[in-house]
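Morning, everyone. Please have a look at the model first.

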Amino acid sequence: MYQPALFLLIGLLFSATAMAESHEDALDPQRQAELETLLYQDCGSCHGMTLRGGLGPALPRDRMEGFTVEALAHIILHGIPGSAMPGWKALISEEDARWIADHLRKDNPLETLNTPD
Ligand code: HEC
């Protein structure tokens, strides 16, 4: 009973590793969901749950498009020295930061601050 289960588990681990290697630039859906929660809850605690701003500035898509993915990922990983914006590199990888940056530029629900709602 115990051994087949162990082999199954080892098999799953190997196939998961192989999958992670073959799709290096695509985060798995679970990690994407975790990062989305981080963005709207943790980042949202300062930037607003809808990114409309609070302690931190609003992060509308039109403004985020003014940054490259690399520049945004750098801000996210290292923070903005001398401000309340913290760096997140202890919690997320560079790939994670680029995913959030890409999300802010393309899948951001807040298109602009100029549209009345
Ligand atoms: C503790 C509060 C706080 C948290 C949490 C926080 N930020 Fe910030 N963030 C700030 C502040 C304050 C600024 C403005 C800093 C400045 O330029 O003076 C800022 C600036 C930024 C900027 C630059 C905005 C611009 O228009 O120049 C981006 C992008 C950003 N934050 C993204 C994020 C992301 C993504 C997260 C979560 C991973 C996050 N922030 C979490 C407070 C926070």
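A helix here is a DSSP run of H or I, at least four residues long, and helices are numbered from the N terminus. With that in hand, Leu35 sits in helix H2. We'll come back to Leu35 at the end. And keep in mind that this is a predicted model.

Overall picture now. The protein chain has five helices and zero strands. Reading from the N terminus, the order is α-α-α-α-α. There are 117 residues in the protein chain, and 28% of them are buried. What about contact range? Take the contacts between residues at least 6 apart in sequence: 64% of them join residues at least 24 apart.

First contact: H2 with H5. H2 covers residues 29-47, and H5 covers residues 94-106. Their axes are 10 Å apart, and the packing angle is about 65°. The crossing of H2 past H5 is right-handed. Who meets whom? On the H2 side we have Arg31, Gln32, Leu35, Glu36, Leu38, Leu39 and Tyr40. On the H5 side, Asp96, Trp99, Ile100, His103 and Leu104. By class, this contact of H2 with H5 has seven nonpolar, two polar and three charged residues.

H4 spans residues 69-78. Here the axes are 8 Å apart, at an angle of about 120°. That angle makes H4 oblique to H5. H4 also passes H5 in a right-handed crossing. From H4 come Val69, Glu70, Leu72, Ala73, Ile76 and Leu77. They meet Glu94, Ala97, Arg98, Ile100, Ala101, Asp102, Leu104 and Arg105 in H5.

Is Leu35 buried or exposed? Leu35 has 1% relative accessibility, and buried means under 20%, so Leu35 counts as buried. What does Leu35 touch, leaving out residues up to four places away in sequence? The list is Leu27, Ile92, Asp96, Trp99 and Ile100. Take Ile100 from that list. Leu35 and Ile100 are 65 residues apart in sequence, yet 6.9 Å apart in space, C-alpha to C-alpha. Ile100 is also on the H5 side of the H4 contact. That's my tour; over to you.

Notes: Residues numbered from 1 in each chain as written. Predicted model: local features only at pLDDT ≥ 70, side-chain atom pairs only at ≥ 80, totals over all residues. Heavy atoms only, no water. Helix = DSSP H or I, 4+ residues; strand = E, 2+ residues; numbered from the N terminus. Buried < 20%, exposed > 50% of the residue type's maximum accessible area, 1.4 Å probe, protein only. Contact = heavy atoms within 4.5 Å. Axes fitted to C-alpha atoms, helices over the stretch in contact; angles between N-to-C directions. Left-handed = near helix turned anticlockwise from the far one by under 90°. Nonpolar A, V, L, I, M, F, W, Y, C, P; charged D, E, K, R; others polar. Parallel < 35°, antiparallel > 145°, perpendicular 65-115°, else oblique.
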